[in-house]
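Please open the model in your viewer and keep the selection tool at hand. The stops below are arranged so that each selection leads to the next.

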Amino acid sequence: MESSSARNNGTMENNLGYTRSASMDSAGPPLAARSSSMLSRRSSRQASRGSISLSREMGDSILNSMRHSLQSADQLLGDVDSSVLAQLIESGRVLAPEGDVDEDTANTSEHHKVGPLPDDAEVPNNGKSVAAPISLVETKVAISNIPADSCTKVEPYKLSLRLDYAAYMIHLAVFGFLGVFTRYGLQKLFGPDCLALTSDQSPLYPDLPSNMLGSFLMGWFGIIFKADIRNISDHLIIGITTGYMGSLTTFSGWNQKMVGLSSKGHWVYAIAGIVLGMFIVNESITVGAETGERLRSLILKYIRERSSIGHKYVWEHWRVDTRTKQSVLLSVMMIVTSILWVLSIVLAVVKVRSLADGALLWMGCSVAPPGVWLRWYLARMNGQGIGKHQSFKWLPIGTLAANVLAAGIMAALAVTSKAVHTKRSTAILSGIQLGFLGCLSTVSTFAAEVYTMRRSGQIARAFVYAASTFLLSFVLGTLIYSVPVWENHYG
């Protein structure tokens, strides 16, 4: 703008000089007019040069800022309304825009309206627009690896609506299996049979290590690196966050252990387990976000240094954006899902019949995918509010419903196991608790939502949400489990 202004001023001065020279031809020498015109042109050139120099400095400053930009957890979450984030943290999908759009229209809309939210979309925040953070991949593609024919943009290949949903469900199932395997392994490692750091009789409940690890990883992949991974594959980031970390952590198991302690009269241990456990998972996700931010800055620095000495990083090769890549990935994940599921069902039947070791694990894996899918389905309730007026849109209703529902079913299965009290029934019911209910409930997403509210300054909402989740789950568990135990004197 300054350059344009300078040119206009120079043009006006030139015209003025020309007018003066024309009017002074009869009255005075033309030298003065020529000198005035030359001076005006020189000043115009100087002004133009100065403005060009200033715009170059501004451009260099902008590029330098883009290259060194690191989206911390505060930048990602601090200024965005929690009702919108509640929709995105767990499901990563925008199922319908706000407004008078019916459900059928939303479900049959274009692919980008029912698929994951694109990274460059603007998220509404109390009437304002907040641009999504620049991902690590996008920064390098935009700055370091701009092709010569960048003006011709090729649209990425998109799956049909049915294949898109199938791809999400397959990714969720595969990563759900991995989450159950990891959680079971951590239970054995830190339990009484190995390190003896956790037990059913202390506030350090058996699922505490997996909840800590899942919350820590949520800080990495659910907050800091989420945009970067989504730039490679939308299905992959949903599989990692909702599938793996959601299945690695379990709220229902945590709640049931505290209900079990209270049913035996250990109320202090139960309260300590809730308070201490909440503090630990909150710190885990905070440390995860901070270390993830630092790691991302180191990776960015390394890429800049390698790029400066002539190395090129073609990030497009990693993107699953062609028909061939989509088909190959979908086929591979489908094969892996089929193998894991069939193997889990066969081994569960064999192990449960013989009551051999591993019956709990394989029974849990065989019922894990439906738990992940149900939680993913409930996640679409997040940010929708309650009632016709959509009150409490800031409250993650979907996550709350999944955790409370899983806690209630967990308590019902626990009291049923005590009433029937056979080894085979215990193995089956415990496997359902480990797999289906463990995957239906989640601590990593719950911790991420509380973290989001706290970081955005909504401390009261964070407290209400956390207190509501624990209170509803604990009271429901007490009514379903503890009351029958007290009345029937189950051991």
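Predicted model: local features only at pLDDT ≥ 70, side-chain atom pairs only at ≥ 80, totals over all residues.

Begin by selecting Asp228 and Arg296, both of which are buried; buried means under 20% relative accessible area, exposed over 50%, and partly exposed in between, with a 1.4 Å probe and protein chains only. Asp228 and Arg296 form a salt bridge whose closest N and O atoms are 2.9 Å apart. Because Asp228 lies in helix 10 (residues 226-232) and Arg296 in helix 13, this pair ties together parts that are 68 residues apart in sequence. Helices here are DSSP runs of H or I with at least four residues, strands are runs of E with at least two, and both are numbered from the N terminus.

Residues are numbered from 1 along each chain as its sequence is written, and side-chain values use heavy atoms, leaving out hydrogens and water.

How many salt bridges does the structure hold? There are three, a salt bridge being a side-chain nitrogen of Lys or Arg within 4 Å of a carboxyl oxygen of Asp or Glu.

For another of them, select Asp234 and Arg230, where the closest N and O atoms are 4.0 Å apart. Asp234 is partly exposed at a relative accessible area of 29%, whereas Arg230 is buried at 11%.

Next, select Asp200 and Lys257, whose side chains meet in a salt bridge at 3.2 Å, N to O. Asp200 belongs to the loop between helix 8 (161-190) and helix 9 (208-224) and Lys257 to helix 12 (residues 251-263), so the pair links parts that are 57 residues apart in sequence. Asp200 is partly exposed, with 39% relative accessibility, and Lys257 is likewise partly exposed, with 27%.

Remain in the loop between helix 8 and helix 9 and select Ala196. Although Ala196 is not a glycine, its phi is positive, at about 55°. Most residues other than glycine have a negative phi.

Then move to Leu355, in the loop between helix 14 (323-354) and helix 15 (359-366). Leu355 also has a positive phi, near 55°, and is partly exposed at 39% relative accessibility.

Finally, return to helix 13 (residues 267-308) and select Thr286. Is Thr286 buried or exposed? Its relative accessibility is 9%, so Thr286 counts as buried. Leaving aside residues up to four places away in sequence, Thr286 touches Tyr451, Arg454 and Arg455, where contact means heavy atoms within 4.5 Å.
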